Amino acid sequence: MSTPAAAVAAGVLPGRVWLYSNYHCNLTCTYCLTESGPGVQRRELTAERMLETARQAAELGFTALGVTGGEPFLVPDMPKTLAGLGAILPTVGLTNGTLFTGRRLAAVEVLAGTDVALQISLDSAVPAVNDEARGPDNFAKVVAAIPALIERGITVRIATTGESDNPDDLARLCELHRGLGVPDSDHVVRPVISRGRAVTADLGVDATVDDLPAELTITADGAFWSPFGPTVINGRLDTDLLLTRTTDPLRVPAQTLLGLVEGRPAGGDTTLNIR
Amino acid sequence: MLLDAAAAPLTARPYYQNGDPGPLVAALATVPELLEVSLPFLTTVLGASSLDARTKEIVIVRTSALLHCVYCVNSHSVVALDSGLTAAEVVALRDEPRAALGGEREDALLGWVDAVAGGNGPVADAVAARFGRSFADHEVVELTLLVGATMMLNRFCTALELPTSPAVIDRLTAAGLR
């Protein structure tokens with residue numbers, strides 16, 4: 001078996017390590033992988049734990065980090081934590097973008113000029129369509145937050161979940177994000193994955209391990225094959241994509257992931273464009 | 001606590017390929033890195049080796065009876081029958097006080113098992129000497145590890161209340177061991 005560093009350098013193993021900072025959220029999106037919402041178990045990774053994981057990831061040869069949840073910005077001091085992570089490896093922080101007003105908007109200024117990008121969810125240029133999945137006033141809050149963040153020198157990406165049958169919908173959405181200051185290169189579109197709340201709502205496409213990039217994902221419950229792995233349904237954590245319960249030292253799940261990846265045909269994960 | 005095939009983690013999936021792997025695997029699968037090392041270990045210690053199956057099952061059933069592990073006693077009573085023990089011999093191993101099996105080698109073995117699994121502190125010199133006269137050094141080592149590994153399993157299965165499978169219960173009933 002090779003090392004994670006060699007596998008990342010060779011493109012055999014994706015370079016990004018994901019951290020689930022928490023599972024709670026101010027929204028209850030219809031397709032949420034983790035059944036996140038205001039009342040769920042928080043299952044937080046502490047800032048210290050995230051930073052230590054990032055240091056070990058860098059030592060192992062990983063090249064980037066991602067932070068997701070839940071809504072990470074519900075965790076106090078998340079801007080400082082993200083800045084710390086960005087000082088170790090380039091980092092993308094996923095957020096629903098609805099909390100960036102007042103003190104939180106001021107606090108996030110610490111990310112200006114750092115190697116941290118914020119990836120904000122926006123599913124449609126039509127407010128009613130976007131808000132149907134993500135909750136009332138979501139569209140208005142997001143389109144207000146994006147330029148406010150960009151004005152403060154923060155890199156913003158947009159993630160669209162779900163694919164419309166009408167190509168005009170995507171064109172309108174792209175027109176919108178360009179107008180908000182986000183270029184096409186910082187816009188990702190991915191399908192709803194039928195895990196978590198999407199299963200309950202009968203949404204999305206089935207994705208097996210063969211469809212998912214092998215991005216090492218660390219949570220309070222253990223290490224998983226992908227950020228699409230530590231999903232929750234009916235309050236229970238899915239374990240089908242669990243790698244190890246051990247996450248420290250990071251080499252334990254990294255070597256387990258590598259062992260599985262090395263037995264996998266190349267390129268098989270690209271069909272569903274799950275990124 | 002017991003994972004079915006749909007919930008089996010990636011590295012545990014091979015254990016489910018031929019159907020239900022049993023409650024021990026289904027429990028260990030919740031911590032897949034432990035399953036990966038403990039199952040090969042247990043399979044090596046409890047499975048086929050240079051020692052004959054009858055001898056090993058005598059150790060496992062007797063140790064499990066001493067530690068009151070219902071799951072292990074049930075499961076290995078069936079394995080013991082398949083390894084050539086009679087139903088009466090299985091009952092003798094499960095009873096307290098146990099009955100002798102009849103041969104010097106196996107009675108010396110049972111003296112050792114009772115001392116290791118049922119006692120505290122060093123094994124009495126006379127018990128050890130009798131055991132040593134019937135078994136080579138490497139057999140002493142292997143059988144002692146077998147007692148220890150069985151004790152670990154006994155406590156694990158008992159504490160987690162692992163259920164005896166219906167197939168095992170059917171076999172025990174048919175053999176008059178229920």
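In the predicted model, B:L28 touches B:L35, B:S38, B:L39 and B:F156 when residues up to four places away in sequence are left aside. This leucine is found in helix α1 of chain B, and B:L28 is classed as buried because its relative accessible area is 11%, below the 20% limit applied to that class. B:L28 and B:E161 are 133 residues apart in sequence, while their C-alpha atoms are 13 Å apart in space.

The domain assignment of chain B gives domain 1, covering residues 5-46, and domain 2, covering residues 53-174. Nine residues of domain 1 of chain B and 13 residues of domain 2 of chain B take part in the contact between these domains, whose C-alpha centres lie 24 Å apart. Domain 1 of chain B and domain 2 of chain B bury about 960 Å² between them, and carbon and sulfur atoms account for 83% of this area. Of the area that domain 1 of chain B buries against domain 2 of chain B, 57% is supplied by B:P23, B:V45 and B:L46, which is more than any other three residues supply.

On the side of domain 1 of chain B that touches domain 2 of chain B, α1 (23-28) and α2 (32-46) of chain B each supply at least two residues, and the largest share, five residues, comes from α2(B). By class, this side of domain 1 of chain B has eight nonpolar residues, one polar residue and no charged residues.

A further interface is formed between the chains, where 13 residues of chain B are in contact with twelve residues of chain A. The area buried between chain B and chain A is about 960 Å², of which 56% is given by carbon and sulfur atoms. Between chain B and chain A the count of salt bridges is zero, whereas five residue pairs are found in polar contact across this interface, both residues of each pair being at pLDDT 80 or more. The side of chain B that touches chain A has, by class, eight nonpolar, two polar and three charged residues.

Note on methods: Residues numbered from 1 in each chain as written. Chains lettered and ligands numbered in written order. Predicted model: local features only at pLDDT ≥ 70, side-chain atom pairs only at ≥ 80, totals over all residues. Heavy atoms only, no water. Domains from an automatic or database assignment. Contact = heavy atoms within 4.5 Å. Buried area = accessible area lost by both parts, 1.4 Å probe. Helix = DSSP H or I, 4+ residues; strand = E, 2+ residues; numbered from the N terminus. Nonpolar A, V, L, I, M, F, W, Y, C, P; charged D, E, K, R; others polar. Salt bridge = Lys/Arg side-chain N within 4 Å of Asp/Glu carboxyl O. Polar contact = N/O pair within 3.5 Å; in protein donor to acceptor, adjacent residues only side chain to side chain. Buried < 20%, exposed > 50% of the residue type's maximum accessible area, 1.4 Å probe, protein only.
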